[in-house]
Amino acid sequence: MGLFETAAAKALASSGVFLFMTVLLIAAAKRISTCIALFSVQSLIITAQIIAVSRMHHSTEGFVIAGLVLSVKVIAIPYVLYRIVEELKAPRDVSSSTSSSQSVFIAAGLILLSFFAVRPYVGVLGGDQAMLAAAVALVLTGGFLMVSRKKALMQVVGLLVLDNGIFLAALTTTFGMPLVIEIGIVFDLLMGVFLMGLFVFRIRDTFDHLDVSKLRRLRG
Amino acid sequence: MVLLFPLFLPLAGALLVFLCRNPRVVVRVALTAGTLELAAIGIAVYSIHSWGVLQVGRYLCADGLTSFFLISLGLISALVLVYSSGYLRHVPEGRFSSLRWFYGLVFLFLFTMVAVYLSANLGMMWIFVEATTLASALLVGFYNTEGAVEAGWKYLIVCTVGIAFALFGTIAFYLAAVKGGVSPQSALDWGTLMAAAPGLVGGRELLKLAFVFVAVGYGTKVGFVPMHSWLPDAHAEAPSPISALLSAVLLNCAMYALLRFDAITSRAIGSGFSHTLLLIFGGVSLAVASLLMIVQRDLKRLLAYSSIEHMGIVAIGIGLGGTLGLLGALLHTFNHSIAKTLLFFTAGNVRENFGTLRMERIRGMALSLPWAGGALIVGGLAITGMPPFGLFVSELVILTAAFSTAHYFIAVLMLAAISVVFGALLHHFQHMLMGKSDDVPAQPALQASWLVVMGVCALCLVVLGVHIPAAFKAVLRGAMAVLQP
């Protein structure tokens, strides 16, 4: 194993910590734009992990996927979301039903929970425990953001965080799937975000607000 | 070649429709493309029947199961296109809600669903199931009212999250296959996985985990309780032809994905685990949906809950397994599609005439709307599983499977739920049919094209209830052979 591979392995092992930090910061953030920036950072960390993994496994496909994730998740999607925030001209707070400090505590609790949750599966799934835990933590906090934040855009951010978690789980356990499939998945995500952005505008136009907790006409 | 036509015709149709400006030309293009698509599917089904499995490249493949599901897709989509040509006469022009957008999106939606059926690769299947959500979300929100926008948003978010879990399940399957010695390049190919399944016993725990995620993920799209929250809203708020497509084609599409995964899991680690899970999901969906049908007030919501109920019955059929269970489940997907299409078409007619779908405001359909009233009676009797309609046969087959495999609890639950549904529908429908209406219906006579499509539905239901044609039997046998090699 060359020097670069060793460095890549070390960086990979410690990068889980950075992901936990982004999770806690997103939970604490009060503005939608901060959350979008943090999502971008999170995707950047995952891109670095993909590069490290593909370097370790000497796979060229990995670099293509890294480039794809970099352009879509780090640049394109955050840019689109920023533009939507600008265009909407609506209040930019996340309007959470839990306070900032409560959210951080809940996110920390979810991280702890994910360490316990992955323990029985480390042997079965393979991969590093911290990375697997990070993946589960991303999925859980993504879900938490979706249920606790009232703004429609924050649901999109929650969904993206959740999706990052699943992507990370795939990366740590299988070192990526066939290239064509990965491209399709990322393309679906991009189209999904476009469409959700479109719906955010329609929600604003038909309801004059963006608070999805007030969308309760359809029940039962 | 035979497979490329049914796959790319809808895509070409969508492009053409988007290029047209004149609404009349749009409708004509749509009808032509729909007819061609039906013919292309017919040829594909015939070729599959004569040559067995067809493979195009690495990612497209069609076998008996594909052809069985393609038949219902082709039939229902053709009926829906004909029906829409009469339904969407007065669409309010708006952003994303013109005739052009309607047909363009419908064809994109059809393309994604055909692609799900033709996917040889489980990863690609996932991509296209997700794409079905994206293609249909704007159709659900087509009317741009408060309810429609809310339903579209809910549909998009709930299904995307649900499907994300199915992606994790797919990845776990891939991992299990790679660990079981399948080469990484072909570890997502269904055929390869099915052949290699007996050798995957070592990954028992991993496969169980994977199947749970897949069942929850695709189960969201099928509408299993408790992941069903998007379904009644989307069905109720979408234009009636789209409700028919969602209920009769999309739900089957998701069920098809589940069937594929269930086949691999059962072959690898025995059918105990996956079938029990499907029985639980099916039983809960059946019980909850049948009870909720009693309290519904909106006709299309009532029909939506009935879809959940029938998907529950299909899941029970798959869960019971064996030749009888599977046969009943497959037959039931087909019968349910046709009966539900007929009912949603009727609901569209009711909406045109009464301007509402609130059932307490609709009275006297039997007298004022004889054709639509008749369709409601036929559809209602069919959907509750009365003879001589097809659903009676498929429900009887599934019940026989339950009794013969000594699943008495499931059998009793199913009988009870079907009785509750019968009572609920009888209560709602007799209220709408009987009495005298204060409003005069806008147009009591049914358009000729609607009469034809509704007649075709009713005829299919009766034929399947009395005698299954030999050709259809052959297709069914082909589908069963794929799942039980």
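# Helix packing and a chain contact in a predicted model

Helix α15(B) is mostly covered, with ten of its 14 residues buried (20 or more other C-beta atoms within 10 Å of a residue's own; exposed is 12 or fewer, partly exposed in between, and C-beta atoms are placed from the backbone). This is a predicted model, where local features need pLDDT of at least 70, side-chain atom pairs count only at pLDDT 80 or more, and totals for chains, interfaces and linings use all residues. Residues are numbered from 1 along each chain as its sequence is written, while chains are lettered from A and ligands numbered from 1 in the order in which they are written. Helices (H or I, at least four residues) and strands (E, at least two) are DSSP runs, numbered from the N terminus.

**Helix α15 of chain B**

- The buried residues of α15(B) are B:Ala372, B:Gly373, B:Ala375, B:Leu376, B:Val378, B:Gly379, B:Gly380, B:Leu381, B:Ala382 and B:Ile383.
- Their cover includes α12 (299-320), α13 (322-354), α14 (365-368), α16 (390-404), α17 (408-433) and α18 (448-466) of chain B.
- The end C-alpha atoms of α15(B), residues 370-383, are 20 Å apart, which agrees with the 20 Å that its 14 residues should span at 1.5 Å a residue (the expected span is 1.5 Å times one less than the number of residues).
- Just after this helix, B:Gly385 has a positive phi of about 80°.

**Helices α2 and α3 of chain B**

- Helix α2(B), residues 23-51, packs against α3(B), residues 64-87, at an angle of about 165° with the axes 9 Å apart (axes are lines fitted to C-alpha atoms, for helices over the stretch in contact, and angles run from 0 to 180 degrees between N-to-C directions).
- The two helices are therefore roughly antiparallel (over 145 degrees; under 35 is roughly parallel, 65 to 115 roughly perpendicular and the rest oblique).
- Their crossing is left-handed (the near helix is turned anticlockwise from the far one by less than a right angle; clockwise is right-handed).
- Buried residues of α2(B) include B:Val26, B:Ala33, B:Glu37 and B:Ala40, and α1 (4-19), β1 (54-56) and α19 (470-483) of chain B are among the elements covering the buried residues.
- B:Gly52, which follows α2(B), has a positive phi near 80°.

**Helices α8 and α10 of chain B**

- Helix α8(B), residues 204-222, and helix α10(B), residues 240-269, pack at about 170° with their axes 9 Å apart.
- They are therefore roughly antiparallel, and α8(B) passes α10(B) in a left-handed crossing.
- B:Phe211 and B:Tyr218 are among the α8(B) residues that take part, and B:Met255 and B:Phe261 are among those from α10(B).
- The residues of this contact divide into 14 nonpolar, one polar and two charged.

**Where chains A and B meet**

- Chain A gives 29 residues to the contact and chain B gives 32.
- On the chain A side, α5 (122-125), α7 (152-174) and α8 (179-207) each supply at least two residues, with the largest share, 13 residues, coming from α8(A).
- That side of chain A divides into 19 nonpolar, six polar and four charged residues.

**A loop residue in chain A**

- A:His58 sits in the loop between α2 (32-56) and α3 (60-88) of chain A.
- A:His58 is exposed, with 8 other C-beta atoms within 10 Å.

Terms used: Two residues are in contact if their C-beta atoms, placed from the backbone, lie within 7 Å. Ala, Val, Leu, Ile, Met, Phe, Trp, Tyr, Cys and Pro count as nonpolar, Asp, Glu, Lys and Arg as charged, and the others, Gly among them, as polar.
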